[in-house]
Amino acid sequence: METLEQIKSRLEAAIPGLGLEIQCNGAVPGQASLVVPPARAIEAARFLRDDPRLALDYCSNVSGVDWLDRVVEEHARVTRVIDGRERVFDECRERRVPGYLEAVYHLYSMRLKHGPVILRQRTVNRVDQARVTSLTPVWRSAEFQEREAYDLFGIVFEGHPDLRRILMWDEFRDYPMRKDYVEPDDYEYEPTPHDDLKEKARRHYPIEADA
Amino acid sequence: MDEGLRSELSRQGIFATTIQDLYNWGCRNSIWPLNFGLACCAIEMIAASMARFDIARFGAEVFRPSPRQADLMIVAGTVTKKMAPQVVRLYNQMPEPKYVIAMGACAISGGPFKRGYNVLKGIDRYVPVDVHIPGCPPCPEALLHGLIALQKEIASQKLTGPSRARAFQEEAPGEFPVPEYGPYDLVPAKNTDLWRPKPIIRDE
């Protein structure tokens with residue numbers, strides 16, 4: 001199979017102005033992935049599926065990822081003039097990176113027996129613009145898994161034929177797999193609570209002396 | 001009936017019994033379970049019904065696909081909050097006398113998923129459970145043991161009098177309210193008429 005760089009350059013040649021990005025992976029398997037802008041994801045997906053050299057005809061997996069807002073520390077050397085003399089300072093600036101949600105697609109080729117190529121779509125933020133483009137029109141197998149990502153992460157897939165909750169019930173509020181999900185306070189007795197559960201156990205089942 | 005008289009009569013070739021014993025004998029030896037499973041415990045239930053463990057030895061091999069024909073509901077597996085109303089509905093559709101076995105840690109208390117957001121913390125919040133079988137999952141022998149425990153319970157049940165079995169108490173409910181889906185949990189989260197655990201006070 002072609003390398004990701006080759007796929008990227010061919011994609012960009014086929015679809016002008018696509019704006020791809022390669023996301024490296026520092027983990028042991030080192031599987032890099034392609035970040036596609038949601039606005040044109042469907043064109044890119046069609047190309048990946050229909051291109052004779054790639055023929056990625058099988059979408060095995062769609063997953064959601066939640067990236068919280070994070071603070072990045074940036075170190076810089078700054079020269080300042082103090083009392084008429086130039087001095088070099090180490091300066092540490094904190095930059096806030098807004099969080100986003102991600103839909104990750106694992107693509108394989110059944111025909112050419114290669115893969116995976118990993119495709120990512122990112123939402124603008126985690127709150128009101130948590131939207132990406134549904135790739136169900138390209139790979140039918142993405143339908144239920146996109147519904148699952150919608151159900152548990154709250155990623156809205158535009159163009160999905162039937163975007164409803166799939167695991168939780170329809171009346172359920174909130175998205176339970178998000179990292180800032182607060183579970184309902186329904187702790188029940190456990191014989192040996194430990195760590196952070198101990199605090200809950202104290203709150204719900206006070207020791208006789210405090211009660 | 002006096003035991004001595006009964007054995008004396010049986011020696012003469014006369015079999016004497018009571019309606020209660022006859023009824024319970026028939027009832028306990030043909031417990032037809034409802035054919036449904038919820039998780040991995042169902043695999044053990046299926047294994048128990050096959051040749052190696054052979055639940056047919058205890059008269060419970062006729063797994064019925066309809067609750068109208070079933071006597072026993074084996075709650076075999078994790079009851080999610082989404083599934084719980086359907087389980088209660090199935091129980092309500094079963095004819096009396098009916099019995100429930102909670103099989104495995106999940107059906108008893110939520111098991112390893114007790115702290116999760118989507119799993120019911122025990123089916124005994126909504127339906128009365130006769131036998132609890134601990135295990136994760138319980139092996140087929142444990143299910144057979146649970147079934148024998150249920151048979152013993154049925155054998156000793158009374159048809160009349162104040163301590164008669166639940167099925168013969170006119171005022172005892174045979175159906176239980178089906179919970180509704182709420183924004184975070186089922187509403188109500190438990191049937192307080194049914195589920196009254198003793199207050200627990202930690203003695204740390």
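**Sheets, contacts and the interface**

Mentor: Let's start in chain B, where three strands form an open sheet in the order 1-2-3 with parallel pairing. Strands here are DSSP runs of E with at least two residues, helices are runs of H or I with at least four, and both are numbered from the N terminus. Two strands pair if DSSP finds at least two bridges between them.

Trainee: Which strands stand at the edges?

Mentor: Strand 1 (72–76) and strand 3 (131–133) of chain B do; each has a single partner strand, so one side of each is left without a neighbour in the sheet. The twist averages 15 degrees from one strand to the next. Angles run from 0 to 180 degrees between N-to-C directions, with axes fitted as lines to C-alpha atoms, for helices over the stretch in contact.

Trainee: Is this predicted or experimental, and how is it numbered?

Mentor: This is a predicted model, in which local features need pLDDT of at least 70 and side-chain atom pairs count only at pLDDT 80 or more, while totals for chains, interfaces and linings use all residues; side-chain values use heavy atoms, with hydrogens and water left out. Residues are numbered from 1 along each chain as its sequence is written, and chains are lettered from A and ligands numbered from 1 in the order in which they are written.

Trainee: Got it. How many bridges join strand 2 to strand 3 in chain B?

Mentor: Three bridges link strand 2 (residues 99–103) of chain B to strand 3 of chain B, and the two run parallel. A102(B), for instance, has H132(B) in strand 3 as its bridge partner.

Trainee: And what does chain B have overall, in helices and strands?

Mentor: Chain B has six helices and five strands, and along the sequence they follow the pattern α-α-α-β-α-β-α-β-α-β-β. Its C-alpha trace spans about 70 × 45 × 40 Å along the principal axes. Of the 204 residues in chain B, 40% are buried, where buried means under 20% relative accessible area, exposed means over 50%, and partly exposed lies in between (1.4 Å probe, protein chains only).

Trainee: Switching to chain A, what's the strand order in its open sheet?

Mentor: Five strands of chain A form that open sheet in the order 1-2-7-6-3, with mixed pairing. Its edge strands are strand 1 (21–23) and strand 3 (58–67) of chain A, each pairing on one side only. Strand 2 (residues 33–36) of chain A runs parallel to strand 7 of chain A, and three bridges join them. V36(A) stands opposite Q121(A) in strand 7.

Trainee: Which side chains make polar contacts with R122(A)?

Mentor: R122(A) is in strand 7 (residues 114–122) of chain A. Its side chain makes a polar contact of 2.4 Å with the side chain of Q23(A) and another of 2.6 Å with that of E102(A). A polar contact is a pair of N or O atoms within 3.5 Å; within protein, one must be able to donate a hydrogen and the other to accept it, and residues adjacent in sequence count only if both atoms are side-chain atoms.

Trainee: Last one: what area is buried between chain A and chain B?

Mentor: About 2300 Å², of which carbon and sulfur atoms give 57%. Buried area is the accessible area (1.4 Å probe) that two parts lose on being put together, summed over both. In chain A, W169(A), E188(A) and Y189(A) lose the most area to chain B, together 29% of what that side buries.
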